[in-house]
Amino acid sequence: MADLIFVSAVNIATIILISIVIMIIAKKFLTDPLNIISDGLTKMSEYNLNLEENKKIGMKYANQNDEVGRLTIALNTLYLNIKEIVQNITGHAQNTAATAEELTATAQSTSDSAGEVASAVNNIAQGATSQ
């Protein structure tokens, strides 16, 4: 009977030890990378594209040939694409502002010219009236 209790205790201890080892491995290969990816996605959802620190940490998982590696690569691609879109929008906004300034200057010049034409027409009309 005592041998049965001892064997049961050893089996339970072995199962607990194996479970701890599995949890440590799962944490290292699943939980840590998923937390980094989650942090990056949270920052992006808050319009914070400053992910250089997350990118450096997360890229060590990009070489893994599993779901975590593919997820890390996809997040990096998403980050780069959004960054490029923002840069394009900024460039277009600057071009639009420059074009608006040019249009304002052209409109002012046209207005000045129209004033001069009106003044010349008025002078001609006064000259014709005086004759």
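In the predicted model, the contact (heavy atoms within 4.5 Å) between helices H1 and H2 involves Lys-28, Asp-32, Pro-33, Ile-36, Asp-39, Gly-40 and Lys-43 of H1, which meet Asn-54, Ile-57, Gly-58 and Tyr-61 of H2. By class, four of these residues are nonpolar, three polar and four charged; Ala, Val, Leu, Ile, Met, Phe, Trp, Tyr, Cys and Pro count as nonpolar, Asp, Glu, Lys and Arg as charged, and the others, Gly among them, as polar. Helices are DSSP runs (H or I, at least four residues) numbered from the N terminus. The axes of H1 and H2 (residues 52–62) come within 10 Å and cross at roughly 145°, where axes are lines fitted to C-alpha atoms over the stretch in contact and angles run from 0 to 180 degrees between N-to-C directions.

H2 also packs against H3, with axes that come within 8 Å and cross at roughly 145°. On the H2 side, Glu-52, Lys-55, Gly-58, Met-59, Tyr-61 and Ala-62 take part, and they meet H3 residues including Val-68, Thr-72, Tyr-79 and Lys-83. Seven nonpolar, four polar and three charged residues make up this contact.

Ile-37, Met-44, Leu-51, Leu-75 and Tyr-79 form the largest nonpolar core, a set of buried (under 20% relative accessible area, 1.4 Å probe, protein chains only) Ala, Val, Leu, Ile, Met, Phe, Trp, Tyr and Cys residues joined through side-chain atoms within 4.5 Å. H1 (2–45) and H3 (67–130) each give two or more residues to this core. Beyond its neighbours within four places in sequence, Leu-51 is in contact with Gly-40, Lys-43, Met-44 and Tyr-79.

Residues are numbered from 1 along each chain as its sequence is written. Local features need pLDDT of at least 70, side-chain atom pairs count only at pLDDT 80 or more, and totals for chains, interfaces and linings use all residues, while side-chain values use heavy atoms, without hydrogens and water.

Conventions. Buried means under 20% relative accessible area, exposed over 50%, partly exposed in between (1.4 Å probe, protein chains only).
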